[in-house]
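Here is a short report on one protein model. Look at the sequence and the structure first, then read on.

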Amino acid sequence: MSNDVPTTPEASTAYGSYVTADDVARAAGVSRWTVNRAFRKDASISAKAREKVMQAAADLGYIPDLRAAGLASARSVSARSNLVALLIDDFANPHKLVMLEHLTRALRQGGWDILLVNTLDTDDTAPALRHASQRRVDATILIGIQFSDEILDQVHQGGRQPKLIVFARTSQVEGVISIAVDDQAATRCIAEYVTRKGFRRPFYLAGPRTFSAHLLRKETFMEYWGQTHGHTPETAWIGAYDSQKAESLIRESLRGRAAEALPDVIVCENDALALGAIDAIRHDLKLRVPEDIAVIGFDDVPQAAGANYRLTTYRQPLAEMAAYLVEVLEAQEPMQSRMFLGELVARETA
């Protein structure tokens with residue numbers, strides 16, 4: 001053999017060749033099978049053997065071939081892929097990015113890989129769910145407004161579907177797990193705050209009512225106000241959680257009104273709508289927040305705390321919700337849907 005030909009794993013790496021599991025096995029003094037098991041989260045392997053493999057892999061710069069591992073695990077229908085599909089839409093809503101941050105951090109810390117799918121419209125949801133199941137994901141997580149219980153039920157009844165989890169919304173489909181804030185309790189908290197502050201002419205601005213199991217915030221606020229104050233508040237809804245559309249709607253709804261005909265507070269279904277409402281009050285109607293019209297949101301997106309808005313809002317406990325989602329993924333036994341309580345964050349707008 002020529003002296004110019006590399007004969008060790010280290011030399012192979014220096015010459016630009018791929019480091020293989022066999023190279024790691026030789027360096028660690030174990031079998032190739034042991035190397036493969038060391039990189040599988042659910043594999044049975046001693047701590048000492050795993051440590052030897054990981055040290056050798058780090059020394060050699062070895063990265064396992066996840067595609068090959070997936071093919072190997074496919075031989076057993078019970079094997080976990082440690083891959084979840086995350087279906088999301090409605091990127092005009094800034095809270096989606098906040099949820100993504102919490103979810104992806106919790107999932108990665110738990111050792112889960114993520115297949116991110118942007119569902120384009122309501123017709124795209126069912127095909128996206130079926131495609132996710134074909135990729136051998138362990139679970140599909142849905143965040144958005146473009147799915148309905150009818151679609152979830154159809155897909156769920158179709159078989160071969162991994163765990164279905166609806167995040168930050170609720171579903172009534174049997175077998176689908178919902179992880180969400182308790183919208184009714186949260187909205188009652190907001191309505192009680194509005195009452196304590198002495199507001200008497202609320203305007204409720206709601207979001208989309210057509211696709212996914214919509215939130216119960218508007219209904220709860222209307223019921224509370226009718227029972228407590230004896231009259232129905234003025235309401236409007238927008239087909240998207242979009243700040244610019246909210247600004248336009250509030251401008252057109254309130255422009256030209258006498259002062260006594262204006263609402264004294266606008267309660268919004270989420271912060272995206274609230275930010276648009278504030279812009280309309282200040283810049284289009286030339287009024288003051290909160291002196292002329294107060295504004296309350298829901299979610300506590302990063303912009304809410306900024307100096308331009310200082311928005312009073314309801315904060316969802318996203319870190320706790322994401323942690324429970326990981327518990328659901330790890331559980332061997334069926335887990336229950338769960339609702340969480342957040343907190344009202346009082347700032348200058350109300």
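## Cysteines

This model is predicted. The count of disulfides comes to zero. A disulfide is a covalent bond between the sulfur atoms of two cysteines.

Cys268 has a relative accessibility of 2%. Buried means under 20%, so Cys268 counts as buried. Cys189 has a relative accessibility of 28%. That value falls between the 20% and 50% limits, so Cys189 counts as partly exposed.

Where does Thr187 sit? Its place is in helix H9, which covers residues 183-196. Is Thr187 buried or exposed? Its relative accessibility is 3%, so Thr187 counts as buried.

Which residues does Thr187 touch, leaving out those up to four places away in sequence? They are Arg217, Thr220 and Phe221.

## Cavities

Now for the spaces inside. The model has two cavities of 30 Å³ or more. The largest cavity holds about 150 Å³ of space.

What lines the largest cavity? The lining is made of 17 residues. Nearest the centre of the cavity lie Asn93, Lys96, Met99, Ala168 and Arg169. Helix H6, residues 95-109, gives the largest share of this lining, with three residues.

Terms used. Residues numbered from 1 in each chain as written. Predicted model: local features only at pLDDT ≥ 70, side-chain atom pairs only at ≥ 80, totals over all residues. Heavy atoms only, no water. Helix = DSSP H or I, 4+ residues; strand = E, 2+ residues; numbered from the N terminus. Buried < 20%, exposed > 50% of the residue type's maximum accessible area, 1.4 Å probe, protein only. Contact = heavy atoms within 4.5 Å. 1 Å grid on protein atoms, 1.4 Å probe; cavity = no way out; pocket = protein on both sides within 12 Å on 5 of 7 lines; lining within 4 Å. Points joined across faces, edges and corners; volume = space filled by probe spheres on them. Disulfide = S-S within 2.5 Å.
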